[in-house]
Amino acid sequence: MSLLTTDRTRQFEAAALPHLDAAWNLARWLLRDDQLADDAVQEAYLRAFRFFESLRGESARPWLLGIVRNACYDWMRQNRQLADQVEFDELRDSEAADFPSPADAGDPARQWEQRTQGERVNAAIDALPPVYREVVVLRELEEMRYEDIARIAGVPLGTVMSRLSRARALLRESLRDERPGGHGDEGGKTRHVNV
């Protein structure tokens, strides 16, 4: 192994490895499977290493996440999983939980409600079409700037804002339908499950 190759490898590792968690998170949300996410991230990192010279003075994170996104979409296209339909998993077995007050933080029932609410939100995000899911994950979970999301997705800034607005509306609709009194319950009655 030459000194040049070793130096390039070190530079790549310094630029790319800090973003491994974000890369896996994006792949996991897009592909909805841990093993597929592992494979997509591995493929993306190989691609990134191959084209590392194309990264010129810009932030490695959006560049790398764009490659991860493309690897995921390539897999979805090859496996015909790019449907734009929204499939909602109805989780109606519990009431919607409000954010707890500090006094409720140690309450096991409140903790269960929080966990259930988190599961409902995750299921609602997971049910979004990929183009909406990716902007929600990048903005809300990875806290990326709109400009970086536009670069990753390869779309104009206005498209990012439009997709994010639509994704948030779909999430609100999905979560509202699951609340007591919403469209997703039986006449305003809430079903409870004993755990």
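**Exercise 1. Two helices in contact**

At what angle do α4 and helix α7 pack, and how far apart are their axes?

*Solution.* The structure is a predicted model, in which local features need pLDDT of at least 70 and side-chain atom pairs count only at pLDDT 80 or more, while totals for chains, interfaces and linings use all residues. Residues are numbered from 1 along each chain as its sequence is written, and side-chain values use heavy atoms, with hydrogens and water left out.

Step 1. Helices (H or I, at least four residues) and strands (E, at least two) are DSSP runs, numbered from the N terminus. Axes are lines fitted to C-alpha atoms, for helices over the stretch in contact, and angles run from 0 to 180 degrees between N-to-C directions.

Step 2. Read the values. The angle between α4 and α7 (residues 146-153) is about 40°, and the axes are 8 Å apart.

Step 3. Classify the angle. Angles under 35 degrees count as roughly parallel, over 145 as roughly antiparallel, 65 to 115 as roughly perpendicular and the rest as oblique. α4 is therefore oblique to α7.

Step 4. A crossing is left-handed if the near helix is turned anticlockwise from the far one by less than a right angle, and right-handed if clockwise. For α4 and α7 the crossing is right-handed.

Step 5. List the contact, which means heavy atoms within 4.5 Å. On α4 the residues are Pro 62, Trp 63, Leu 65, Gly 66 and Arg 69, and on α7 they are Asp 148, Arg 151, Ile 152 and Ala 153.

**Exercise 2. Two further helix pairs**

Describe the packing of α6 with α7, then that of α2 with α3.

*Solution.* Step 1. Helix α6 (residues 130-141) and α7 have axes that come within 10 Å and cross at roughly 140°. That angle makes α6 oblique to α7. The crossing of α6 and α7 is right-handed. Glu 134, Val 135, Leu 138 and Arg 139 of α6 make the contact with Tyr 146, Ile 149, Ile 152 and Ala 153 of α7.

Step 1. For helix α2 (residues 20-31) and α3, the axes come within 8 Å and cross at roughly 130°. α2 and α3 are therefore oblique to each other. α2 passes α3 in a right-handed crossing. Among the residues in this contact are Trp 24 and Leu 31 of α2, and Val 41 and Tyr 45 of α3.

**Exercise 3. Aromatic rings**

How many aromatic pairs are there, and which residues form one aromatic cluster?

*Solution.* Step 1. Apply the rule: rings of Phe, Tyr and Trp (its six-membered ring) pair if their centres lie within 6.5 Å; planes under 30 degrees apart count as stacked, over 60 as edge-to-face and the rest as tilted. The count comes to four aromatic pairs.

Step 1. Take Phe 12 and Phe 49. Their ring centres are 5.2 Å apart and their planes are at 80°, so the pair is edge-to-face. This pair links distant parts of the chain, since Phe 12 is in helix α1 (residues 3-16) and Phe 49 is in helix α3 (residues 34-50), 37 residues apart.

Step 2. Buried means under 20% relative accessible area, exposed over 50%, partly exposed in between (1.4 Å probe, protein chains only). Phe 12 is buried at 7%, whereas Phe 49 is partly exposed at 25%.

Step 3. Take Phe 12 and Phe 52. With centres 5.4 Å apart and planes at 90°, the pair is edge-to-face. Phe 52 lies in the loop between α3 and α4 (60-78), 40 residues from Phe 12. Phe 52 is buried at 12% relative accessibility.

Step 4. Name the cluster: Phe 12, Tyr 45, Phe 49, Phe 52 and Trp 63.

**Exercise 4. Charges over rings**

Which arginine lies over the face of Phe 49, and which has its charged end over the ring of Tyr 73?

*Solution.* Step 1. A charge sits over a ring if NZ of Lys or CZ of Arg is within 6 Å of the ring centre and within 35 degrees of the ring normal.

Step 1. Arg 8 lies over Phe 49, at 4.2 Å from the ring centre. Arg 69 has its charged end over Tyr 73, 4.3 Å from the centre of that ring.

**Exercise 5. Positive phi**

Where is Glu 143 found, and is Glu 143 buried or exposed?

*Solution.* Step 1. Most residues other than glycine have a negative phi. Glu 143 is not a glycine, yet has a positive phi of about 55°.

Step 1. Glu 143 is in the loop between α6 and α7. At 66% relative accessibility, Glu 143 is exposed.
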